[in-house]
Amino acid sequence: MSELLPDAKPNILITGTPGAGKSYLCERLASQLKFEWLDCSKIAKENDFVEEYDAEYDCPILDEEKLMDHLEPLMAKGGNIVEYHGCDFFPERWFQAVFVVTCPNKTLYDRLKDRNYNEKKLTSNIQCEIFGTILEEARDSYKTDIVFQLKGETKADAHMSLKTVKNWYRMWKRK
Ligand SMILES: Nc1ncnc2c1ncn2[C@@H]1O[C@H](COP(=O)(O)OP(=O)(O)O)[C@@H](O)[C@H]1O
């Protein structure tokens, strides 16, 4: 994909452990910034971009190639908020900013319990949050000066996160 067209809006990646608060933020961001919300889990399910099913973790295994092919033309236009609970397989050139949503374990545990995650899936996601796996993945996959950490526990956190992303966008437009 060539660089963004001169007057295109940027592409933003919102990532983080399942339950951290990505969708809650993306929904508000997309409507307030007038960006396209691309929820990759939803897109994968709707288009059957699935390789196989992992029974142990009770989740489909994403066919990353098919998802990339689907997203490529959309990313070229810019103005997208891409949401996914992983980030190391996207082309680095796609994103002008990466925001990692984090959440304290107790709250995350309660949220994932509400989703009826099985014990194994619950434990592995909580461990992922404890070890900061997604934040590390983001820092390993993108230039550190475009990776930012947000909090996703409370309404005040959401308010702050919206402000942070909007401020980033305002600075980006001035470049
Ligand atoms: N900042 C927040 N303040 C209060 N509740 C939140 C916040 N972020 C998420 N939630 C709640 O936590 C649950 C999981 O949030 P969600 O955005 O679906 O997580 P994710 O998309 O990261 O899996 C939802 O019930 C949502 O309403």
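Entry 1. I started with Lys66, which is partly exposed at 41% relative accessibility. I note that the model is a predicted one. Lys66 forms a salt bridge with Asp63, and the closest N and O atoms are 3.9 Å apart.

Entry 2. I asked how many salt bridges the structure holds. The count is seven. I looked at two more of them, keeping in mind that side chains of opposite charge can pair when their charged atoms come close.

Arg28 pairs with Glu27, with 3.6 Å between the closest N and O atoms. Arg28 has a relative accessible area of 27% and is partly exposed. Glu27 is partly exposed as well, at 47%.

Glu119 pairs with Lys113, with 3.9 Å between the closest N and O atoms. Glu119 is partly exposed at 48%, and Lys113 is partly exposed at 39%.

Entry 3. Which way does α4 run relative to α5, parallel or antiparallel? Helix α4 covers residues 105-114 and helix α5 covers residues 119-130; they pack at an angle of about 155 degrees, with their axes 10 Å apart. Because angles over 145 degrees count as roughly antiparallel, α4 is roughly antiparallel to α5. The crossing of α4 past α5 is right-handed.

I listed the residues at this packing.

Entry 4. Last, I looked up Gln96. Gln96 sits in the loop between β5 (80-84) and β6 (97-102). Is Gln96 buried or exposed? Its relative accessibility is 17%, so Gln96 counts as buried.

What does Gln96 touch, leaving out residues up to four places away in sequence? I found Leu4, Pro10, Asn11, Ile146, Trp168 and Trp172. With Asn11 there is also a polar pair: a polar atom of the Gln96 side chain lies 2.7 Å from the backbone nitrogen of Asn11.

Conventions:
Residues are numbered from 1 along each chain as its sequence is written. This is a predicted model: local features need pLDDT of at least 70, side-chain atom pairs count only at pLDDT 80 or more; totals for chains, interfaces and linings use all residues. Side-chain values use heavy atoms; hydrogens and water are left out. Helices (H or I, at least four residues) and strands (E, at least two) are DSSP runs, numbered from the N terminus. Buried means under 20% relative accessible area, exposed over 50%, partly exposed in between (1.4 Å probe, protein chains only). A polar contact is a pair of N or O atoms within 3.5 Å; within protein, one must be able to donate a hydrogen and the other to accept it, and residues adjacent in sequence count only if both atoms are side-chain atoms. Contact means heavy atoms within 4.5 Å. A salt bridge is a side-chain nitrogen of Lys or Arg within 4 Å of a carboxyl oxygen of Asp or Glu. Axes are lines fitted to C-alpha atoms, for helices over the stretch in contact, and angles run from 0 to 180 degrees between N-to-C directions. Angles under 35 degrees count as roughly parallel, over 145 as roughly antiparallel, 65 to 115 as roughly perpendicular and the rest as oblique. A crossing is left-handed if the near helix is turned anticlockwise from the far one by less than a right angle, and right-handed if clockwise.
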